[in-house]
Amino acid sequence: MKKKVAFVLGMTGQDGPYLSKLLLEKDYKVYGLVKRYSNPNLDNLKYLDIDDSVDLITGDITDDSCLNHLLKSIKPDEYYNLAAQSFVGASWDLNKTTSEVNAFGTLNSLNAIKLHNPNTRYYQAGTSELYGNADSSIQDESTPFKPRSPYAVSKLYAHWMTVNFRESFSIHASNGILFNHESPIRGKEFVTRKITDGVAQIKCGKADKIILGNLDAKRDWGFAGDYVEAMWLMLQQDDPDDYVVSTGVQNSIRDLLDIAFDAAEIKDWAGYVETAPAFKRPAELHSLCGNNSKAKNILGWQPKTSFKELVHMMVKEDIKRYSK
Ligand code: NAP
Ligand code: G4F
């Protein structure tokens, strides 16, 4: 039987490798889009031991001619758009790049599917950032969007363009509204990995403090390895739709510090943590927590990894890296 073909954009990031590993286990042929670099970095693919199992193609989501050509030649059954300038904190200074990649990159992707392979099923990497500082303490698919960063505004465009192609051209296009998800290959500028990496450096005698921004922010954090399964499940449904993917459990940065320092058996984190205005945002998003009932009921998906297990896993892997 012919293998199903998946095209994954965002292959060198966090989610691309976890999703590709899942697809390879399901016997897909996996193509991945990778930007052109003078010094390419495939560390995350290597960490999951799949760098030799995926077909990497040089390209860029902002280049529509590149996507048109690839849609015609690869003819993917499934197209996962995970490519983004995904760091909220950088999106104020990089608002144009963020818009070009996140908003117009999505439009380029949808146009290429519509023109060259309209049966390709499309996954859009949406985000809980869309909710901003929501009026309700727990957010679901019907909670109004109130974006508060250039990143969130760009993802709002991508969300509605995905809905529009679904409604206008019957493209099988789904938005995953994913809450924060992390792993040992999370970028080091995001707060979870910044903390677990910092804790590991302190444990191994390579640093003596971590400098952070707003310690009172609260998020609903899950494990990336669990969340990519929800992406795949969305494209296996008869009908496309939009789904919140979350744990439904909220923690603060202070809770994260408690667990991370505890995992490294270091007492009294207050002596190792400072704050600086440079890590605060022009407009902060204080509290997020997702209601995942729809994903549970329709996709049959649920998170498997607790917040404590996730943080312990990340601290352990970072200590291993600094102990080598
Ligand atoms: P990530 O680690 O930042 O990865 C983003 C990927 O996009 C990287 O491989 C990056 O390549 C690639 N990329 C950036 N610009 C590109 C361009 N012009 N053309 C092609 N590729 C480009 O993000 P992630 O955490 O894996 O998240 C995956 C997606 O889910 C993103 O769209 C993100 O916005 C969204 N999301 C993430 C979370 C989360 O908590 N992780 C939650 C909700 C939504 P380079 O590294 O080479 O630049
Ligand atoms: O880890 P963060 O940078 O993630 P943020 O802004 O929630 O965005 C992530 O999750 C979104 C889903 O909701 C994704 F769409 C997005 O692509 C990305 O993956 O910051 C989390 C919180 C913020 O409130 C931030 O102000 O941590 C606070 N924080 C406090 N000190 C810090 C720091 N964040 C970072 N990055 N660095 C700090 O020093």
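Me: Which strand and which helix each supply at least two residues of the shell around ligand 1?

Reply: The model is a predicted one. To read a shell, one takes the residues that have a heavy atom within 4 Å of the ligand. Here strand S5 (121-127) and helix H5 (150-169) each supply at least two residues of the shell around ligand 1. Strand S5 gives the most, with three residues.

Me: How many residues are around ligand 1, and which come nearest?

Reply: There are 25 residues around ligand 1, and Thr-12, Tyr-37, Asp-60, Ser-86 and Tyr-151 come nearest. Sorted by class, this shell has eleven nonpolar, nine polar and five charged residues.

Me: Which side chains have a polar atom beside an oxygen atom of ligand 1?

Reply: One looks for pairs of N or O atoms within 3.5 Å. Thr-12 places a polar side-chain atom 2.7 Å from an oxygen atom of ligand 1. For Tyr-151, an N or O atom of the side chain is likewise 2.7 Å from an oxygen atom of the ligand. In the case of Lys-35, the distance from a side-chain N or O atom to a ligand oxygen is 2.8 Å. Of the 900 Å² of accessible area that ligand 1 has on its own, the protein covers 87%.

Me: What surrounds ligand 2?

Reply: Ligand 2 is surrounded by 26 residues, the closest being Thr-127, Ser-128, Tyr-151, Arg-281 and Glu-284. By class, 13 of the shell residues are nonpolar, six are polar and seven are charged.

Me: Which polar side-chain atoms lie by oxygen atoms of ligand 2, and what share of the ligand does the protein bury?

Reply: A polar side-chain atom of Ser-128 is 2.6 Å from an oxygen atom of ligand 2. Lys-194 has a polar side-chain atom 2.8 Å from an oxygen atom of the ligand, and for Arg-281 a side-chain N or O atom is 2.6 Å from a ligand oxygen. Taken alone, ligand 2 exposes 710 Å², of which the protein buries 96%. Helix H6 (191-203) and strand S8 (210-212) are the elements that give two or more residues to its shell.

Me: Which domains contribute to the shell around ligand 2?

Reply: The domain assignment gives domain 1 (5-181 + 222-245) and domain 2 (187-220 + 249-285 + 305-323). Each of these domains provides at least three residues of the shell around ligand 2.

Me: How does one describe where domain 1 and domain 2 meet?

Reply: The size of an interface is often given as the accessible area lost when the parts come together. Domain 1 and domain 2 bury about 1500 Å² between them, with 56% of it on carbon and sulfur atoms. In domain 1, Phe-87, Trp-92 and Phe-223 lose the most area to domain 2, together 32% of what that side buries. In terms of contacts, 16 residues of domain 1 touch 14 residues of domain 2. The centres of the two domains, taken over C-alpha atoms, are 27 Å apart.

Technical notes. Residues numbered from 1 in each chain as written. Chains lettered and ligands numbered in written order. Predicted model: local features only at pLDDT ≥ 70, side-chain atom pairs only at ≥ 80, totals over all residues. Heavy atoms only, no water. Polar contact = N/O pair within 3.5 Å; in protein donor to acceptor, adjacent residues only side chain to side chain. Areas by Shrake-Rupley, 256 points an atom, 1.4 Å probe, with all protein chains shown as cover. Helix = DSSP H or I, 4+ residues; strand = E, 2+ residues; numbered from the N terminus. Nonpolar A, V, L, I, M, F, W, Y, C, P; charged D, E, K, R; others polar. Domains from an automatic or database assignment. Contact = heavy atoms within 4.5 Å. Buried area = accessible area lost by both parts, 1.4 Å probe.
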